[in-house]
Every structure is written in structure tokens, then in C-alpha cells.
Amino acid sequence: MKISTLLLSVALLGTMTVAQADIKKGQKAYLKQCKKCHGNGTKGAAMKTQDEWAAAFANDNAGFKAWHKGTKGEKYANGKKLKKYAPHLKDFLYEYGSNSGNVPSCG
Amino acid sequence: MKKILLLLFVTLSLSAADVNWFHSYAKASETAKTNNKPMMLFMNKPGCGACQYMKDNVFTNAQVIDYLNKNFVAVYLDIHKNDAPKDLQVNVTPVFHFLKSDGSKSIETLMGGKGVKKFLPMLQKALAASH
């Protein structure tokens with residue numbers, strides 16, 4: 001019983017680690033998908049405040065989708081790629097939002 | 001005429017207010033030891049947006065300039081060609097190393113940049129940790 005509980009805990013911890021958002025991954029996703037239209041990471045993240053970024057990614061990225069409606073980025077905003085990378089992208093954009101006082105490094 | 005002279009004077013005064021950068025680690029290190037001042041290394045590269053942000057928004061701030069010039073030996077190094085020791089070399093930019101006058105690290109290295117409101121307290125922390 002004890003061993004099974006321990007194994008379950010380890011498995012759960014592993015899942016949590018995998019599910020954790022990663023700023024570096026978010027930065028990579030930004031550079032790959034967003035840079036072309038929005039400029040480098042410093043400029044892109046500074047387009048909105050931290051609260052605005054948090055709100056944009058709430059409710060299945062509803063705000064993010066609304067911003068991109070009718071633009072080149074609409075396909076990406078409604079696609080599988082954003083769904084996959086949204087937690088990372090959100091973390092990156094939030095960390096470096098205009099009122100964060102932080103500036104992302106260049107790769 | 002007076003107005004023009006005044007404008008010229010103001011412009012010259014403003015352009016003179018700049019961080020006194022060293023562009024050689026060896027020379028900066030020597031100065032730091034002689035004056036018993038900590039060092040701040042700004043590792044950057046051409047075309048780096050975040051480095052440009054720091055140059056345009058932080059290293060133009062009068063408080064930052066004054067604090068750096070008074071308390072630090074400021075070093076401006078290109079990551080592709082510099083004379084800093086191996087353990088200070090980096091691949092990403094900007095990176096800020098905060099060193100004591102003997103060259104050892106005073107506080108944790110900063111990867112990426114900060115706005116004035118966050119950068120100034122970091123300098124204060126680095127200065128406090130250097131003595």
C-alpha cells in the first residue's frame with residue numbers, strides 16, 4: 001500500500017513537472033511564430049501589461065484569438081500549435097510585460 | 001543669440017552625461033583594484049534588441065549614470081571579442097556580471113535586462129555585497 005502510494009506520488013510529480021510552463025520555451029515559440037509580425041521579444045512582450053497578457057490567455061486564449069481576428073495570425077491563434085504552447089507563451093509574455101520591469105535576453 | 005548659446009550649453013551638458021565605460025576587462029580590473037571599486041560587466045552584442053533597450057532606456061537615466069559612475073567600474077564588452085576570463089564568457093545577451101574589486105562575483109549574474117526601477121536596486125544590492 002505504501003509503495004503504491006509512493007509510486008503514485010512520483011508519477012503525479014512527474015506529470016506536474018511536464019505540465020509546468022517554461023519561459024524559455026515560450027520565448028522560442030514567440031521567436032518562431034510571432035517575431036515576424038511583432039518584432040523581437042523585447043518589443044513583443046512590451047506591447048501589453050502583465051494583467052493584459054494574463055487576461056488574453058484566459059478562457060482558452062479568447063483574448064489572444066480576438067486580437068488576431070482578421071489578421072495574418074488568425075490561423076495560428078486558432079490552431080493546435082497555440083493550444084500546445086499557450087502556457088509557455090503566456091509565461092514568457094507575462095514575465096516580460098510592459099510593466100514587469102524585465103527585459104528578455106536575446107538567444 | 002543668448003537662447004542659442006544656452007541651448008548649445010544644455011545640449012553639450014546632456015551629451016557629456018554618460019556612463020564611463022571601459023572596453024577592456026584588464027584595464028577595468030586594474031582600475032577596480034586601485035580604487036577598490038566593484039565592477040559591473042555589460043556583456044552585449046551588435047543587433048541585440050534587449051541590449052539596445054538597456055542602452056536607450058536604462059543607461060541614459062541620470063540616476064543610473066550617476067550611481068554607476070560614482071560607485072562602479074562599468075565595463076562594456078562584446079561577447080564575440082573581449083578579454084574577460086573564461087568563466088565570465090556567455091552566449092546570450094545582455095548579461096550583467098557584478099564583481100567585487102578582486103574579480104570575484106558579488107551577486108548572481110543577471111541574464112536579460114531590467115527597467116530602471118529594478119536595475120537600480122540591483123546595483124545597490126551589488127554595491128552592498130561588494131564590501
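I count a residue as buried if 20 or more other C-beta atoms lie within 10 Å of its own, as exposed if 12 or fewer do, and as partly exposed in between, with C-beta atoms placed from the backbone. The model is predicted, so I take local features only at pLDDT of at least 70 and side-chain atom pairs only at pLDDT 80 or more, while totals for chains, interfaces and linings use all residues. Residues are numbered from 1 along each chain as its sequence is written, and chains are lettered from A and ligands numbered from 1 in the order in which they are written.

**Entry: chain A.** I looked up the elements, where helices (H or I, at least four residues) and strands (E, at least two) are DSSP runs numbered from the N terminus. Chain A has eight helices and one strand, in the order α-α-α-α-α-α-α-α-β from the N terminus. Of its 107 residues, 27% count as buried.

**Entry: two helices of chain A.** I took axes as lines fitted to C-alpha atoms, for helices over the stretch in contact, with angles from 0 to 180 degrees between N-to-C directions. Helix α2 (residues 23-33) and helix α8 (residues 80-95) of chain A pack at about 110°, with axes 7 Å apart. That makes α2(A) roughly perpendicular to α8(A), a label for angles of 65 to 115 degrees.

**Entry: where the chains meet.** I find 15 residues of chain B and 10 residues of chain A in the contact. On the chain B side, α3, β6 (113-114) and α5 (116-129) each supply at least two residues. Helix α3(B) gives the most to that side, with four residues. The residues of chain B that touch chain A divide into seven nonpolar, five polar and three charged; here Ala, Val, Leu, Ile, Met, Phe, Trp, Tyr, Cys and Pro count as nonpolar, Asp, Glu, Lys and Arg as charged, and the others, Gly among them, as polar.

I also checked strands across the chains, which pair if DSSP finds at least two bridges between them. Strand β1 (residues 102-103) of chain A and β6(B) pair in the antiparallel sense over two bridges, and A:V103 stands opposite B:G113.

**Entry: α3(B).** Which residues of α3(B) are buried? I noted B:G49, B:A50, B:C51, B:Y53, B:M54 and B:V58. Their cover includes α4 (41-45) and β1 of chain A, together with β2, α4 (62-71), β6 and α5 of chain B.

Entry: I found B:P46 between β2 (39-44) and α3 (49-58) of chain B. It counts as exposed because it has 10 C-beta neighbours inside 10 Å. Its C-alpha atom is 9.8 Å from that of B:T93, 47 residues apart along the chain.

**Entry: a hairpin in chain B.** I see β4 (residues 95-99) and β5 (residues 105-111) of chain B paired in the antiparallel sense over four bridges. B:F96 has B:L110 as its bridge partner. Five residues lie between the strands, and B:G103 takes a positive phi near 95°.

**Entry: the core.** A nonpolar core is a set of buried Ala, Val, Leu, Ile, Met, Phe, Trp, Tyr and Cys residues joined through C-beta atoms within 7 Å. The largest has 45 residues, and B:M40 is one of those with the most contacts inside it. Helix α8(A) gives the largest share, six residues. Among the residues that B:M40 touches are B:L68, B:V75, B:F96 and B:A126, residues up to four places away in sequence not being counted.

Methods: Contact = placed C-beta atoms within 7 Å. Parallel < 35°, antiparallel > 145°, perpendicular 65-115°, else oblique.
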